[in-house]
Amino acid sequence: MKKSYSFLLGLIFLSQVTFGQNHDLGYTEIHPNSLVHTKLDLSFDIPNQEIFGVANLTVKPNQKPTDQLVLDAKSMLIHQVLVNQKKSKFSYKNDLLTIDLGQTFQADTPYQVEIKYTAQPSKIKGTEGEAITEARGMYFIDPKEEDPDKPTQIWTQGEPESNSAWFPTLDSPNQKTTQEISIEVPSKFVTLSNGVLVSQKNNPNGTRTDYWKHDQPHAPYLFFVGAGEFDITKDKYKDIPVDYYTEPKYTSTARETYGMTPEMIGFFSKIYGIEYPWKKYSQITVRDFVSGAMENTTAVVHAEGANQTKRSLIDENSWEDIIAHELTHHWFGDLVTTENWSNLTVNESFANYSEYLWREYKYGKDHAEAHRIEDIEGYMRDPENTSKNLVRTSYKDIRDVFDGVTYNKGGYILHMLRGILGDEHFFGGLKLYLSKYSYQTGNAQKLQSALEEVSKRDLDWFFNQWYYGSGHPEIVANYKYNPTTKKLEIDLVQTQKGQTFEFPLTIDYLVQGKTRQTSVWVKSTKSQRIEVPIELAPELVILNANQDLLCTLEDKSKSLNGYILQYKNSKEYLSRKIAIEQIALAQNMTADAEQTMFLALDDPYYGLRELAIEKLDIAGAENKAKLIAKLVEIAKNDPKTLVQKQALKQLASLENAKDYLSLFELKSKSESNAVSGEALMTLLKLAPEKTTTLVKNINLDEVDGDLKYSLMGIFSQEKNPEHILFVAKNLDDLLIETYEDQSLMDTYVQSVRWIMSSGNLQALDKTLEGFKTLNQRYGKYESFKQNLVGIVDQCISLAKDARQSKEKEFVLKIQNTLNEIK
């Protein structure tokens, strides 16, 4: 499963609340029974959000004979149970179905259980009786067809243990079962499930029954059913079907969004050493998904953020990392599944690292490194992460392990391990791990064993501190050259609380214009002096030169000139990034510093060009005209539209920004959402009279991201009733974006004020629906819920203060929403 947004570091990893059997308390539960095969016949009462099901399970006792089967079955009505076609006694309590098998079955002797049931996932309750939307397992979107802007859909989300809300099962990651699913849906619907579509049968009542079969074993949380009005864009990898299910509106961009999937399958098959093991690969984009995406075997589901327009794709495919992430799960997670949630790292850390591997292969190392550093900065911003082990042997709730340690830190740890072992042994070990445990379960110990077998190295030291320990080195470094001994003397102090670490440390040093590298071993001590023989005094020293070590490093000995040399001589993304940030603090102190900032405007990696532009201090520059001319050139011609946007933003901050009105006006017509959005936002401030004409030619169905938020700013200022629904239905996205970009808060406040004073009930309903959606996704996190409650509460005051004709109706609707959210 992939995190959905990068805002609010404490909230970014979403998972499901679980109830029923406690399958995992830091160890692997050996259940008395094992699933062998699951056959489901499903039909729906869509308006009432109910599932009518018949589950036929093939089960066998594990190590001991048994006369009882206990299944997870949340919020169900159980009508009948048959064991080997004979009626059986059963009891149903606390979301557990206990079946009297009527006889004792010996170990490994299969038996058949048939259960007729009605599932009511919308009635799932928490421990205190509250409704829990994020544990429903199956979701009905606009089930009564009341929202003209939202299609009716059905989809499922099972991780970690929520699929037992729509079919009875042993809902544990260490269960493996093959499956068959027959789905009866309105004939206008398209369906998707795991495996292959075997047959379709039209029924007299206007429905159709689709029969899907998946004959390779996988975990119950990976079962998937999706249904709705979708177009299918067909692709393939070799002879394997690769399909993209999208709403008709996004069919034209489906291939641009997902079209690299066949190449990804080939790449990961090669690098993991195991050919893609499944019979198809489908991806579906749904509305109101409760996470970012989910790796259901052969039937990946994506949130609607994957719905991208041609304009937004000009800037970047913002969903590409997620596509790689979910695909890699088909090796790490689906083929070899964590045996318990404590070892979730063997699923999610690999999926996280796959994003790096794909970027490195497709776009180069700088692109990959930028993503890795962004990820690890996310891990480090949450101080609680430093106290958590990667393998979590105890936790309060399963969702606790879906966090920045399992994802971000875990991916970085794999990168460190790759650097230590080298590609041959690292990927060779992964191949052995996948081969040995295919269609079985894995854990960190099995991974370590496979890597040790291939590399012939003892990795206890690494796994003990990085998998079974917490935190990371926090290093303070001082160094100087001793001309008498001809040695570079480096003093390292580990200042972090808790364990001290041992690790290899790469060191670059520049002598007479040539860079050399060495590696030293740092011991597990609080302080250590390291001596590196060097004939001449180095002009530059870079510690952690390859940037492989997960740490913070405070270099006490590097001067401004040292950072200038670092930028000019290092090939590593992070070394250049740090240099730009440090030089920027003193860019007007020396001509060399200013010249280096100017040089960084042409950095080969676009992300560092963006950074250099952002950090420019033009007002204090000695050669201001030269810098401004360069920015104008970048705004016009940089090959990356995101860099053009940053240049426009810097030009807009100038005192004489109006001198560039013609440039802003030209760029407001760009096909890029980022560029046109930034230009329009600037024109709104400098020449608002120009924006009305410019936006008339923009197709609002094609806008997203920066342009969408710029238009919301323009519309909420103009207050043209024609545009109020556009603003209202995008308010939830804008609120999320304000956590990333505080400058958008004025637009958000202005938009809310307009809607609350408008008397437009349709706009109000859209706004309140957005609040409810945000609460569904993030309301389980107290800090976000408090903020959301505060916003909704203020809406009541705004509606009263506006004294518009629909005041009473507004206040009542808002109050009802507030009560629901609380």
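## Glu 348 in helix 5

Glu 348 is buried, at 0% relative accessibility; buried means under 20% relative accessible area, exposed over 50% and partly exposed in between, with a 1.4 Å probe and protein chains only. Glu 348 sits in helix 5, which covers residues 345–363. Helices (H or I, at least four residues) and strands (E, at least two) are DSSP runs, numbered from the N terminus.

The side chain of Glu 348 makes a polar contact with the side chain of His 325, at 3.1 Å. A polar atom of the Glu 348 side chain also lies 2.7 Å from the backbone nitrogen of Met 1. A polar contact is a pair of N or O atoms within 3.5 Å; within protein, one must be able to donate a hydrogen and the other to accept it, and residues adjacent in sequence count only if both atoms are side-chain atoms. Leaving aside neighbours within four places in sequence, Glu 348 is in contact (heavy atoms within 4.5 Å) with residues including Glu 159, Glu 295, His 329 and Tyr 407.

## About the model

This is a predicted model, in which local features need pLDDT of at least 70 and side-chain atom pairs count only at pLDDT 80 or more, while totals for chains, interfaces and linings use all residues. Residues are numbered from 1 along each chain as its sequence is written, and side-chain values use heavy atoms, with hydrogens and water left out.

Leu 344 is in the loop between strand 21 (336–338) and helix 5. Leu 344 counts as buried because its relative accessibility is 0%.

Apart from neighbours within four places in sequence, the residues in contact with Leu 344 are Glu 159, Thr 338, Ser 349, Val 401, Phe 402 and Thr 406. Among the contacts of Glu 348 are Glu 159, Phe 402 and Thr 406.

Five strands form an open sheet with mixed pairing, in the order 16-17-18-20-19. Two strands pair if DSSP finds at least two bridges between them. Strand 16 (231–237) and strand 19 (293–294) are the edge strands, and each pairs on one side only. Helix 1 (residues 251–258) packs on this sheet and touches strand 16, strand 17, strand 18 and strand 20 (299–302). The direction of helix 1 makes about 30 degrees with that of strand 16; axes are lines fitted to C-alpha atoms, for helices over the stretch in contact, and angles run from 0 to 180 degrees between N-to-C directions.

Within the sheet, four bridges join strand 17 (residues 240–246) and strand 18 (residues 281–285) in the parallel sense. Tyr 244 stands opposite Gln 283 in strand 18.

Another open sheet has eight strands in the order 5-4-8-2-1-11-14-13, and its pairing is mixed. Its edge strands are strand 5 (86–87) and strand 13 (196–202), each pairing on one side only. Strand 1 (residues 33–45) and strand 11 (residues 177–186) are parallel and share six bridges. Gln 179 in strand 11 is the bridge partner of Thr 38.

## Strand 10 and its partners

Strand 10 (residues 153–156) is covered on both faces: Gln 153 and Trp 155 on one side, and Ile 154 and Thr 156 on the other, are all buried. Strand 9 (residues 138–141) runs antiparallel to strand 10, and four bridges join them. Thr 156 is the bridge partner of Met 138 in this pairing.

Strand 10 also pairs with strand 15 (residues 225–228), in the antiparallel sense and over three bridges. Here Ile 154 stands opposite Ala 227.

## Nonpolar cores and cysteines

A nonpolar core is a set of buried Ala, Val, Leu, Ile, Met, Phe, Trp, Tyr and Cys residues joined through side-chain atoms within 4.5 Å. The largest one has 244 residues, and Phe 268 and Tyr 467 have the most contacts inside it. With neighbours within four places in sequence left aside, Phe 268 is in contact with residues including Ala 324, Leu 327, Trp 331, Leu 357 and Trp 358. A second, separate core of five residues includes Leu 510, Ile 542, Ala 545 and Leu 565.

The structure holds zero disulfides, a disulfide being a pair of cysteine sulfur atoms within 2.5 Å. Cys 551 is buried at 14% relative accessibility, and Cys 795 is buried at 1% relative accessible area.
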